[in-house]
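These are my notebook entries on a structure that I looked up for the first time.

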Amino acid sequence: MTRGDNGGCVKGCLWGFLGFVLIALLSTVLACAGSTADSHSSSNAQQQTDTSISASDSGTEAESKQKDPVQTDATASSAAQAAKPSASDATKGQKLVVRFLDVGQGDAAIIEFPDGKTMVIDAGREGGSTVDSALAADKRSRIDWLVATHPDADHIGGLPTVIGANEIGSVWAPNCNHSTETYTRFLEAVAAKGLQIDEATAGKQIAAQNGYRIDILWPQAGASYDDSNGYSVVILVTYGQNTFLFTGDAPAEALEQCSVGYVDVLKASHHGSASGTNAAVAQKLTPKVAILSYGLDNSYGHPAQTVMDALSAVGATIYGTGAQGTITVTSDGTNVSVSTAHQGTVVAQSQDAGAGSSTLDGGGHGGSGASTNAQVAAPQAQPSSGATAGQDQTVYVAPTGKKYHAQGCRTLSRSKNVTSMTRSQAEAEGYTACQVCGG
Ligand SMILES: [Zn+2]
Ligand SMILES: [Zn+2]
């Protein structure tokens, strides 16, 4: 049969064929209900913890979507999308998916853009195969942008494996040479692929297309820092209204200088060390979601209680790879939702893990307070209402909201007219606790 014959048949049978496709599609949707049919979230069953958070003003939209967003409608619609790919609306309604991989004590993140492009930021100390498996599970073998945030082994140790196993578009790294064997292996892997390193400096843009942007905010061009962490490449990914900040191990002082304000999702710097996040950084960024990438029972005391307190105080929901495994954050350009590989509570490993950690200028800050391994239970990501306070605590409501909020809740702070009342009064009037701040 020639191509022409095929074309004629397709036209002739179009309506009958469409009917068949509809039925096939329906059965696909039914068969996939309850599983992750979305091509973007195909890797393993990360549905145990699932939170959907809206970028809307009052927070009410977030709350209405909070209930079980994946298993029902979302799954059905994404299954339909997967079965009916359309080149013309490649980004419309599609998702940006970020995975913060569990690579033990280290960082590794995969960003899957709605147009099919892929970025990898770091690969842990020995996380190369973890990155490769996650990419393979999503049928991706090309990394358009690979970023080595800085030469420390817990970030670049796994990169040679990733570079060797995948097609690489470009490699970005700071101008920070290191004499370590790990760094040499990284350079050799880059060279072996015939690639060159693009120097990452603040102000450069890695990409701006199809509804998203990737901007470099740090390090500053030509600057030198006493500590390799100071060179950490800080990257802002913007998709629609949603923003993600990747910080490597950048010192808090660097983040204070970065030209960025509010972000939806923060990969907290330096594994939750106090050197990477302080109250000023938390208040500047006021993330909805904060990801701590660390290994359980690490010897550094990461994460620090002060970091968890600072992030909680600005309303962030805290997730940690050490406690919850790989964390997947999905954005449709307006809302972000989070799922974790398994359930767990992020627990601080020290009161203040700033001891011995770097600062931007290498001076003074480090020496205070030894790590105590206090094992202090951190605030729950989403505290239940009434857990810590009585019925007469003052809460706040927005004019259009159905939720009551604790003072300082970010979703509330975006509303113009806020009314205060006691919790019992709020509940009597039909308000329920905000799931972001706990009410
Ligand atoms: Zn480092
Ligand atoms: Zn590190």
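**Helix α11 and its surroundings**

I began with helix α11, whose buried residues pack against α10 (279-285), β13 (289-292) and β14 (317-320). I took helices (H or I, at least four residues) and strands (E, at least two) as DSSP runs, numbered from the N terminus. I counted two residues as in contact if their C-beta atoms, placed from the backbone, lie within 7 Å.

The model is a predicted one, in which local features need pLDDT of at least 70, side-chain atom pairs count only at pLDDT 80 or more, and totals for chains, interfaces and linings use all residues. Residues are numbered from 1 along each chain as its sequence is written, and chains are lettered from A and ligands numbered from 1 in the order in which they are written.

I then asked which residues of α11 are buried. They are Gln305, Thr306, Val307, Met308, Ala310, Leu311 and Ser312. A residue is called buried if 20 or more other C-beta atoms lie within 10 Å of its own, exposed if 12 or fewer, and partly exposed in between, with C-beta atoms placed from the backbone. Because seven of the nine residues of α11 (residues 305-313) are buried, the helix is largely enclosed by the rest of the structure. Just after α11, I noted Gly315 with a positive phi of about 90°.

**Helix α5**

In α5 (residues 128-137), I found Gly128, Thr130, Val131, Asp132, Ala134 and Leu135 buried. The buried residues of this helix pack against β2 (96-100), β3 (108-112), β4 (118-123) and α7 (159-165). Lys139 follows α5 and has a positive phi, near 55°.

I located Ile235 in strand β10 (residues 234-239). Ile235 is buried because 26 other C-beta atoms lie within 10 Å. Leaving aside neighbours within four places in sequence, Ile235 contacts Ile121, Val147, Ile214, Ile216 and Phe246. Trp218 is 17 residues from Ile235 in sequence, and their C-alpha atoms are 7.4 Å apart.

The largest nonpolar core has 84 residues, of which Val147, Val234, Ile235, Ile291 and Leu311 touch the most other members. Such a core is a set of buried Ala, Val, Leu, Ile, Met, Phe, Trp, Tyr and Cys residues joined through C-beta atoms within 7 Å.

**Confidence**

The mean pLDDT (the predictor's confidence in each residue, from 0 to 100) of the protein chain is 75, and 60% of its residues reach 70 or more. Over residues 55-90 the pLDDT is below 50, and this stretch has 68 contacts in the model beyond near neighbours in sequence.
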